[in-house]
Amino acid sequence: MDIINKLKNLDAYPKINEDFYNRTLSGGLITLFSSIAMLFLFFSELRLYLNAVTETRLIVDTSRGETLRINFDVTFPSLACSLLSVDAMDISGEQHYDIRHDIIKKRIDHLGNVIESKSDGIGAPKIGKPLQRHGGRLDHNETYCGSCFGAEASDTDCCNSCEEVREAYQKKGWAMTNPDLIDQCKREGYIQKVKEEDGEGCNMHGFLEVNKVAGSFHFAPGKSFHQSGISLFDLLASFQTESYNISHTINHLSFGEEFPGAFNPLDGAQWKQPTAGVYQYFIKVVPTIYTNIRGRKINTNQFSVTEHFRPTSGYPQPLPGIFFFYDFSPIKVTFSEENVSLLHFLTNVCAIIGGIFTVSGIIDAFVFHGHRAIKNKMAIGKYG
């Protein structure tokens, strides 16, 4: 019995006989609002517990020797597909001109409707007898060896297609300004193809796989080539209008794989400029690792961008086109999806219930005693 009495003395919650309860209207209202607040905060905490939360951390990027995938989808409403090419280069010295693999071109009309969709490249089936290097037409059972029209590196060189003639010219540092005089181009329908696409637009989408170092890629009219350390363009002068309209819409641009919550600032960006010029995008790429709740890691990137337009007027005259210059941040961002622990959830629930109960009690006591004090003063004034 002594032990039981001692335990009773430890009771921190002494009970009061119901005869001594004094229930008030203010107390009922405070109880109602506090109960609603408790339920609201409880369900908010429950939602956070059931859904994963994303933790963000910053670390130094120490990765080396990786590659970068650049996904793009760009529409040029006033440039024909036969005139557009994609080039890429980086500070390590690697250069890729007139990239065609993994790229799809869609010819579009002035309303944006697709006329034709195909992998990059132009040309039609060869017709007629090819012109031989010696000047005559191809005879029966004779091996074809087309002329390079003065661009041969040696006497044994042959140019059997319009593209091979173009490449031979590029090695010499020459621009092929009159393709209508090149037999291979005429037979392949090159000139006819360019003329047919006059007034059309082009949509280019696909991806580039480049080294993970600072570099650039660009879309430009004509075919690029490199000569004496300088990047040059064959602008197909025989078809060149007064100026190239490089108005464009970037439907999508991203670096790496998509991940939940990703934001690409250039998606949907439009730029209209009826005159020729150079539109430059300077991009800072931030390496990112996203780990979902199942532990799957996505190595990808985010980026920020600034823009600049430079008209082609002045000297030296810049090459028209859209240029994307990208560099990498030394800081890597990691996103990790994590669940709130059960212990943390229970602790927060107890804090919600206890905190609201205590604050409600203080408010109720303040209202009750304040109301009683006012009533007492009014009674004293009435009978005083």
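How far apart do the end C-alpha atoms of residues 342–368 lie, and how much of the span is helix or strand? In this predicted model, the span is 100% helix and 0% strand, and its end C-alpha atoms lie 38 Å apart. The UniProt record, an unreviewed entry, puts the feature "transmembrane region" at residues 342–368 and also at residues 20–43. Cys350 comes out at 55% relative accessibility, so it counts as exposed.

Turning to the disulfides, the structure holds 2 of them. In one, the sulfur atoms of Cys81 and Cys202 sit 2.1 Å apart. This link is right-handed, with 100 degrees about the S-S bond. Cys81 belongs to the loop between strand 2 and strand 3 (84–90), while Cys202 is part of strand 7, so the bond ties together parts of the chain that are 121 residues apart in sequence. Cys81 and Cys202 are both buried. Another disulfide joins Cys148 to Cys159, with 1.9 Å between the sulfur atoms. Here the torsion about the S-S bond is about 95 degrees, so the link of Cys148 and Cys159 is right-handed too. Cys148 and Cys159 are 11 residues apart, and each is found in the loop between strand 6 (114–119) and helix 3 (162–172). Burial applies to both Cys148 and Cys159.

Next come the aromatic residues. Across the whole structure, a search picks up 22 aromatic pairs. One of them is Phe72 with Phe219, an edge-to-face arrangement with 5.2 Å from centre to centre and 70 degrees between the planes. The pair bridges distant parts of the chain, since Phe72 sits in strand 2 (residues 67–76) and Phe219 in strand 8, 147 residues apart. Phe72 and Phe219 are both buried. A ring also features in the placement of Arg69, which lies over the face of Phe207 at 3.6 Å from the ring centre.

Strand 8 (residues 215–221) also carries His218. With a relative accessibility of 5%, His218 counts as buried because the cut-off for burial is under 20%. The His218 side chain makes a polar contact of 2.9 Å with the side chain of Asp87.

Lys212 is placed in the loop between strand 7 (201–211) and strand 8. At 19% relative accessibility, Lys212 still counts as buried, because the limit is under 20%. Its side chain reaches the side chain of Ser63 through a polar contact of 3.4 Å. Leaving aside residues up to four places away in sequence, Lys212 touches Ser63 along with Asp61, Glu66, Thr67, Leu68, Pro287 and Phe328.

Definitions and conventions: Residues are numbered from 1 along each chain as its sequence is written. This is a predicted model: local features need pLDDT of at least 70, side-chain atom pairs count only at pLDDT 80 or more; totals for chains, interfaces and linings use all residues. Side-chain values use heavy atoms; hydrogens and water are left out. Helices (H or I, at least four residues) and strands (E, at least two) are DSSP runs, numbered from the N terminus. Buried means under 20% relative accessible area, exposed over 50%, partly exposed in between (1.4 Å probe, protein chains only). A polar contact is a pair of N or O atoms within 3.5 Å; within protein, one must be able to donate a hydrogen and the other to accept it, and residues adjacent in sequence count only if both atoms are side-chain atoms. Rings of Phe, Tyr and Trp (its six-membered ring) pair if their centres lie within 6.5 Å; planes under 30 degrees apart count as stacked, over 60 as edge-to-face and the rest as tilted. A charge sits over a ring if NZ of Lys or CZ of Arg is within 6 Å of the ring centre and within 35 degrees of the ring normal. UniProt positions are given in the numbering used here, feature names are shortened, and annotations may be inferred rather than shown by experiment. Contact means heavy atoms within 4.5 Å. A disulfide is a pair of cysteine sulfur atoms within 2.5 Å.
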